Amino acid sequence: MDDGYRNPNLYQGSRGIGRETNQVSDDYRYQDGNYEGYAPNDGYYRGGDEPAHEDDAQSDVTEGHDEDDEVYEGEYQGIPHPDDIKAKQKKRAPEAADEYRDHADLMAERMEDEEQLAHQYENIIEECGHGRFQWTLFFVLGLALMADGVEVFVVGFVLPSAEKDMCLSSSNKGMLGLIVYLGMMVGAVVLGGLADKLGRKKCLIISLAINAAFAFLSSFVQGYGFFLFCRLISGLGIGGSLPIVFAYFSEFLSREKRGEHLSWLCMFWMIGGIFASAMAWSIIPHYGWGFSMGTKYHFHSWRVFVLVCSLPCIASLVALKFMPESPRFLLEIGKHDEAWMILKQVHDTNMRAKGEPERVFTVSYIKTPKQVDEFIEIQSSTGTWYQRWLVRFTTTFKQVWDNVLYCLTAQYRMNTLILAVVWFTMALSYYGLIVWFPDMIRYLQEEAYESRVKIFDEEEVSHFTFNFTLENQIHRNGEYKNDKFIGMKFKQVRFEDSLFEECYFEDVTSSETFFENCTIVSTVFYNTDLYEHKFINCRLINSTFLKQKEGCHLDFEEDNDFLIYLVSFLGSLSVLPGNIISALLMDKIGRIKMIGGSMLISAVCCFFLFFGNSESAMIGWQCLFCGASIAAWNALDVITVELYPTNKRATAFGILNGLCKFGAILGNSIFASFVGITKVIPILLASSALVGGGLLALRLPETRDQVLM
């Protein structure tokens, strides 16, 4: 029988069904810039020696004859072919040997293989060069990082409009602001862990697809509950992209380029903030940019803004389809040939862009680590679909959980704990303050607004028609008889201890307007939004409410919204100098000094917030704080990537980033609760957290000179 294509130099399968690994020699050496065992300079991978060429002349008798097609005479008697017996014995020999080896020995062998692979892979990436391929991937992954930056800002920008459009209470607004971070926290841990098992590209596509789908859907849903759910799942998707993006890009960079170019990649988070601020500024105030379908469905301008904010994610998702999987990940799981083809593609793309298409990729053989995981492949005929899915799910979950526990083993425990504290303190301070700054500016605006209030005492108005806007006024002890309030708006108006007799209200819209201790006699309210809760301790005698406005309405364009957009825009733009400095100095002064120095400078900036008693001062100190702290963020991203091996890298990054989002949730909740009460606690909490995290970061090992394990 045909026993299949055989090549003695191809790699044999090792333990585990449905898995192929590569049997490689352990005597790999790199000398004088060349790899022993490489093919001659033709650039092609050779599985074995080429057969000797036979003479072209063949006899008519033997022409077309194939020995593999001969029928073995014992075949029909159930006797196996001798060649089959030898092949099976040869294949089972290493598997049988592995069964009697201790698991610790197998892991030790794998770690030795990984160390050899790390050094060889570094030399291969250097041979591939840094050029067009890396820059293309840089922009594709940059769009994904930009989508993460947009997601952080989008809810904060739409809240002032969404709270009126969906009748949100204060608790609902708070939940909507935190739900995105909750989704990001879960997504970072789950999808980051899966990326070490299923692949960088595959999990990043899943992550971006989830975010794009639910961000798009959230712009159309009307109810608060469904909108909240969509933003939660959208945050889950984009939260998983951050650890994958940095792990993915780092595996195409050489040691000399890694710190600098990962820092340049962080600039896209800044670009995402600028994009969100600019779009909010240009779209949300235009209330007419929308449509309505009857009285129930309204698509206002803030929903257009939410829709536009999903574009970076969609663009990255489309572009990612044309990018390859990480070859470092493929080598880690034993897929040598696929990894080799991708590395050759990287090399050839860069060489063509440099005008050197004749340069040949000289690598013919790459070390692959010993495979010790047990993979389970279930045939489609085995059990029900539910049972097959359950087995795959539990197997994958166990592998991800093992990776999580691995980050806490003796080898990595101290680094993981220190990084966890640094990530948490950085997030608590940064995310707490970027929410506190706009809230404080809004509070200062409200104080200034209230100081300009107009007070009217004991006014008497009769037989008068009000058809204009009343704003920021207090009317006390007034009498209004036979007056008409038609097609008008009340904004920040209070009527206290007043009398309304035989008045008529029609098509009235109000915002922050209340009637306190008033007497309302024989008055008609037609098509107004003066609901019951706006009458506090009032006496209504023979008064009628007809056809009240349904739902919530966007009544006024808030002038201070423009300033909030400007504050966020300037805060995002202010990190540009810090990004440039960190990128240029990351490989010169090192990751540790960058983290410690940046966090300590940011702590000093916090103390100057005590002198921020005006809007302009708060904006200035916010820009200074954001610009100083961005270097620490960039260095944290780089060192987290470099401290962990390839098969644990995305998992570790996901855990730490998930902890970061938990710090963001706490920071938002704690800092927002002190707005208008005191500045002392937020400032002291932020500065002390930054000082503690910065000093602790100095205990981390420096990684700028080590290869990517």
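Reader: At 38% relative accessibility, what does W135 count as?
Author: The model is a predicted one, and in it W135 has a relative accessibility of 38%. A residue is called buried under 20% and exposed over 50%, so W135, with a value in between, counts as partly exposed.

Reader: How many aromatic pairs does the structure hold, and what is the angle between the planes of W135 and F138?
Author: Across the structure there are 43 aromatic pairs.

Reader: What is the distance, centre to centre, between F464 and F466?
Author: F464 and F466 form an aromatic pair whose planes are 75° apart, which makes the pair edge-to-face. In accessibility, F464 is partly exposed at 36%, whereas F466 is buried at 9%. The centres of the two rings are separated by 4.8 Å.

Reader: The ring of which residue has the charged end of R328 over it?
Author: A charge is said to sit over a ring if, among other conditions, it is within 6 Å of the ring centre. The charged end of R328 is 5.6 Å from the centre of the ring in question, and that ring belongs to Y121.

Reader: How many residues apart are R200 and E251, whose side chains meet in a salt bridge?
Author: The structure holds 16 salt bridges, and in one of them the side chains of R200 and E251 meet at 2.6 Å from N to O. This pair links distant parts of the chain, with R200 in helix 5 (residues 200-218) and E251 in the loop between helix 6 (224-250) and helix 7 (255-283), and the separation is 51 residues.

Reader: Are R200 and E251 buried or exposed, and which residues are linked with them in a network of salt bridges?
Author: R200 has a relative accessible area of 0% and is therefore buried, and E251 is likewise buried at 0%. The network of salt bridges that includes R200 and E251 also has as members D196 and R649.

Reader: How far apart are the closest N and O atoms of E479 and K481?
Author: The side chains of E356 and R359 also meet in a salt bridge, at 2.8 Å from N to O, with E356 partly exposed at 28% and R359 partly exposed at 41%. Turning to the other pair, E479 is partly exposed at 32%, and K481 is partly exposed at 33%. Their salt bridge has its closest N and O atoms at a distance of 4.0 Å.

Reader: What is the phi of D507, and what is the phi of K547?
Author: D507, in the loop between strand 13 (504-506) and strand 14 (509-511), is partly exposed at 36%. K547, in the loop between strand 20 (544-546) and helix 14 (559-573), is exposed, with a relative accessible area of 60%. Although D507 is not a glycine, its phi is positive, at about 50°, and K547, also a residue other than glycine, has a positive phi near 45°.

Note on methods
Residues numbered from 1 in each chain as written. Predicted model: local features only at pLDDT ≥ 70, side-chain atom pairs only at ≥ 80, totals over all residues. Heavy atoms only, no water. Phe/Tyr/Trp six-rings, centres within 6.5 Å; stacked < 30°, edge-to-face > 60°. Buried < 20%, exposed > 50% of the residue type's maximum accessible area, 1.4 Å probe, protein only. Lys NZ or Arg CZ within 6 Å of the ring centre and 35° of its normal. Helix = DSSP H or I, 4+ residues; strand = E, 2+ residues; numbered from the N terminus.
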